Amino acid sequence: MLFQGDLFLYSATPASTKLIEFARELIEEAFEGRDPQTAQHEMPVEEFAALLADLKPRFIHHPTSKKLLVTLLDELGMALDKTYFDVPRLRTSTADHYLDSGISYAYHAHRDCWYAAPFCQVNWWIPIYEVVPENVFALHPQYFDRPVRNGSGRYDYAEWTAVSRPTAAQHIYTDTREQPKPEEALDLETELRLVPEPGGMLLFSGAHLHSTVTNTSGRTRFSIDFRTVHIDDVRSRAAAPNVDAACRGTTLRDFYRADDLTRIPEELAAAYEAEALAKLT
């Protein structure tokens, strides 16, 4: 159903609540008594960006983050020996264009598949604090099976991880990194904004077109996202359709098996990458 464009929305669970509580601990420790959701109104943007540049990797790479994520997958009945996940990322969306670049990038309309995500990828999104329609993100489901002219043909994942991703915190006022974007006018007024409770979970295909909305709530939004693939889907190529992606590389090597944190077998990642490249040439 996900590969056909359907969405799944879950209420908060004990495991997802523990995950956001851990994220809140790190966030509130970093902001040292300030309310993280309104601190942008009290801090120079350079200081705010520097704080996030330290906070985000600390959450991403903390062993507790992975442990809690695995507990969540197990709680929802995922087969841990066949489910692979990438690291849970801490995301922010500041209000009133305070910080839209680099470490708090406001994403234009895109599919994750333009960024070399596999077409069997499922995206998970979890708000840490209360969110409102004015600070979530938008899905544009009318484009799920409709091609969009875009710049993914100039995107190479190996180059991005080696050169562009490490410089994120340097981009405070503008973001000059080359990223796949739509190259035609789109109807983004037709959109779907879902507003889960803190710890609630939204699941959708990485092939869905989605975008950061202009945050007019006056509060910084904090959320967690991560991605999963099922190894049987990787092998069988069960997936959402590729209607317009032309990027090079694959993110499959970034995924960990939930039961023992081993990586996707290299031969599977290499075969997937070679097959995708062959379709481009």
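Colleague: Is D74 buried, partly exposed or exposed, and what is its relative accessible area?

Modeller: In this predicted model, D74 has a relative accessible area of 48%, so it counts as partly exposed.

Colleague: Where does D74 lie?

Modeller: D74 is part of helix α3, which covers residues 63-75.

Colleague: How far apart are the C-alpha atoms of D74 and A258?

Modeller: Their C-alpha atoms are separated by 8.8 Å, although D74 and A258 are 184 residues apart along the chain.

Colleague: Let us turn to the chain as a whole. How many helices and strands are there?

Modeller: The chain has six helices and nine strands. Its radius of gyration is 18 Å, close to the 19 Å that the globule rule gives for 281 residues, so the chain is as compact as a globular protein of that length.

Colleague: What box do the C-alpha atoms fill?

Modeller: Taken along the principal axes, the box is roughly 50 × 40 × 35 Å.

Colleague: And what percentage of the residues count as buried?

Modeller: Of the 281 residues, 51% count as buried.

Colleague: Now the salt bridges. How many are found in the whole structure?

Modeller: The search of the whole structure finds 18 salt bridges. In general, side chains of opposite charge can pair when their charged atoms come close.

Colleague: Which residue meets D35 in a salt bridge?

Modeller: The partner of D35 is R219, with an N to O distance of 3.6 Å between the side chains. D35 lies in the loop between α1 and α2 (45-61), whereas R219 lies in the loop between β7 (210-212) and β8 (221-230), so this pair ties together parts that are 184 residues apart in sequence.

Colleague: What about D86; with which residue does it form a salt bridge?

Modeller: D86 forms a salt bridge with R227, and the closest N and O atoms are 3.6 Å apart. Since D86 lies in the loop between β2 (83-85) and β3 (89-93) and R227 in strand β8, the pair ties together parts that are 141 residues apart in sequence.

Colleague: Is D86 buried or exposed, and what is its relative accessibility?

Modeller: D86 has 7% relative accessibility and therefore counts as buried, the cut-off being under 20%. R227 is buried as well, with a relative accessible area of 13%.

Colleague: Which other residue meets R227 in a salt bridge?

Modeller: The side chains of R227 and D225 meet in a salt bridge at 3.2 Å, N to O. D225 is buried, as is R227.

Colleague: Which residues are linked in that network of salt bridges?

Modeller: The network links D86, R91, D112, D225 and R227.

Colleague: Moving to the surface, which residues gather in a patch of negative charge?

Modeller: The patch is formed by E21, E25, E28, E29 and E32. Among them, E29 lies in helix α1, residues 14-31. E29 counts as exposed because its relative accessibility is 54%.

Colleague: Now to the backbone. What is phi of D96?

Modeller: Phi of D96 is near 55°, a positive value in a residue other than glycine. D96 sits in the loop between β3 and β4 (122-127). With 49% relative accessibility, D96 counts as partly exposed.

Colleague: And what is phi of L261?

Modeller: L261 has phi near 65°, again a positive value in a residue other than glycine. The loop between β9 (256-257) and α6 holds L261, and L261 counts as partly exposed at 39% relative accessibility.

Colleague: In which helix is A276 found?

Modeller: A276 is found in helix α6, residues 266-280, and it counts as partly exposed at 27% relative accessibility. A276 and A246 are 8.5 Å apart in space, C-alpha to C-alpha, and 30 residues apart in sequence.

Colleague: Lastly, where is A185 found?

Modeller: A185 is found in the loop between α4 (157-164) and β6 (201-205). A185 is exposed, with a relative accessible area of 76%.

Notes: Residues numbered from 1 in each chain as written. Predicted model: local features only at pLDDT ≥ 70, side-chain atom pairs only at ≥ 80, totals over all residues. Heavy atoms only, no water. Patch = residues over 30% accessible without salt bridge, like charges linked within 9 Å, V, L, I, M, F, W, Y side chains within 5 Å. Areas by Shrake-Rupley, 256 points an atom, 1.4 Å probe, with all protein chains shown as cover. Salt bridge = Lys/Arg side-chain N within 4 Å of Asp/Glu carboxyl O. Lys, Arg positive; Asp, Glu negative; His and termini not counted. Charge placed at Lys NZ, Arg CZ, Asp CG, Glu CD. Helix = DSSP H or I, 4+ residues; strand = E, 2+ residues; numbered from the N terminus. Buried < 20%, exposed > 50% of the residue type's maximum accessible area, 1.4 Å probe, protein only. Rg over C-alpha atoms; globule rule 2.2 N^0.38 Å.
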